[in-house]
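Subject: Structure handover

Hi,

Here is the structure we talked about. My notes follow below it.

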Amino acid sequence: MRVLVKLGGTLLESDAVKASLAGQVVRAAAETGVELVVVHGGGKRMTRFLAERGIESRFVNGLRVTDEVALDAVVKVFAGSVNHELVAALQASGAQAVGLSGIDAGLTEAEPLSPELGAVGRVVRSRPELLHLLTANRYIPVVACVSGDSKGNIYNVNADQMAAACAAAFGADRLLFLTDVEGVLDAERRLQPLLTVAACETLIRDGIAAGGMQAKLESAISALLQGVGEVRIAAGASPDVVRRLLDGDREVGTRLVREAL
Ligand SMILES: Nc1ncnc2c1ncn2[C@@H]1O[C@H](COP(=O)(O)OP(=O)(O)OP(=O)(O)O)[C@@H](O)[C@H]1O
Ligand SMILES: [Mg+2]
């Protein structure tokens, strides 16, 4: 089985949560034999990095407006600090982890999403060979949400979109989004155990899934439509969450499928 785990940037802000998740990922990979790829965000860290340098972050529809200065920071923070600290945590748990971004070996190629967003990219092509090479040899690839293109440009890609693109390219059977909420909540803030693509679209249209969750559901839909069998959204802080999700435990988080059977 192939699995892609996306770790939300907020989770990685806490050393304890980061260490716990790293341990869980490593144990799950060792005990179940799944081929596992990790993609991570880091939005809060990025906002802090820029603020410390007197630069205010600007967002349009939840996406960071990325001028030249912000792009340099994207590479430093996502592909630098956040990526390497996560790789170090995985190594400390006994894995052979390898830090990458979408630029490496042409893993992902992007195009500009819209002129007003600057260097924000949308993944349009991918070459998953490197992921297969690494996972087949029991390495855990850890991918930062930075993409290249065929002309040498660098793009900031939303981490959920990066996870969906990598999951589809890798041929993942499952895409697990670990985040800072229990799962997808309805208007009364009740956890939704199961959602179809159509139900996700309704939650977005009605404004119930907004901000970061809207981005996550849109990415989940894209992954499901590209052939990923199942997407799960769950709290990274809930005990033993990685193993429970891999074991198919339906009590945890939200399960997203293409359509109801
Ligand atoms: N219907 C909803 N159900 C659950 N969470 C929602 C909903 N609508 C909006 N949200 C927000 O979405 C957030 C999760 O997305 P967010 O982008 O903040 O996290 P992440 O993707 O895990 O982290 P990062 O973007 O740093 O990688 C929740 O903390 C919550 O505030
Ligand atoms: Mg997010």
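The largest nonpolar core has 85 residues, and Leu4, Val25, Leu90, Cys166, Ala167 and Leu175 touch the most other members. A nonpolar core here is a set of buried Ala, Val, Leu, Ile, Met, Phe, Trp, Tyr and Cys residues joined through C-beta atoms within 7 Å. Buried means 20 or more other C-beta atoms within 10 Å of the residue's own; exposed means 12 or fewer; partly exposed is in between, with C-beta atoms placed from the backbone. Helix H3 (residues 68-92) gives this core its largest share, 11 residues. Helices (H or I, at least four residues) and strands (E, at least two) are DSSP runs, numbered from the N terminus.

Some ground rules. This is a predicted model: local features need pLDDT of at least 70, side-chain atom pairs count only at pLDDT 80 or more, and totals for chains, interfaces and linings use all residues. Residues are numbered from 1 along each chain as its sequence is written, while chains are lettered from A and ligands numbered from 1 in the order in which they are written.

Overall shape next. The protein has 8 helices and 14 strands. Its C-alpha atoms fill a box of roughly 45 × 45 × 35 Å along the principal axes. Buried residues make up 50% of the 261. Of the contacts between residues at least 6 apart in sequence, 73% join residues at least 24 apart. A contact means two C-beta atoms, placed from the backbone, within 7 Å.

Now the strands. E1 (residues 2-7) has 5 of its 6 residues buried. Strand E2 (residues 35-40) runs parallel to E1, joined to it by 6 bridges. Valine 5 has valine 38 in E2 as its bridge partner. E1 also pairs with E11 in the parallel sense, over 5 bridges. Pairing requires at least two DSSP bridges between two strands. Lysine 6 stands opposite phenylalanine 177 in E11.

E11 (residues 174-179) has 6 of its 6 residues buried. Arg174, Leu176 and Leu178 point one way; Leu175, Phe177 and Thr179 point the other. In a regular strand the side chains alternate between the two faces of the sheet. E11 is joined to the parallel strand E13 (residues 230-235) by 6 bridges.

Which residue in E13 is the bridge partner of leucine 175? Valine 231. Leaving aside neighbours within four places in sequence, leucine 175 is in contact with Leu4, Ala163, Ala164, Ala167, Ala223, Val228 and Val231.

Ligand 1 is surrounded by 20 residues, the closest being Gly8, Gly9, Gly41, Thr179 and Gly212. The cut-off is a C-beta atom, placed from the backbone, within 6 Å of the molecule. Helices H2 (43-52), H5 (159-170) and H7 (211-225) each give two or more residues to this shell. H7 gives the largest share, 4 residues. By class, the shell has 8 nonpolar, 8 polar and 4 charged residues. Ala, Val, Leu, Ile, Met, Phe, Trp, Tyr, Cys and Pro count as nonpolar, Asp, Glu, Lys and Arg as charged, and the others, Gly among them, as polar.

One last residue. Leucine 194 lies in strand E12 (residues 194-196). Is leucine 194 buried or exposed? Exposed, because leucine 194 has 12 C-beta neighbours inside 10 Å.

Best wishes
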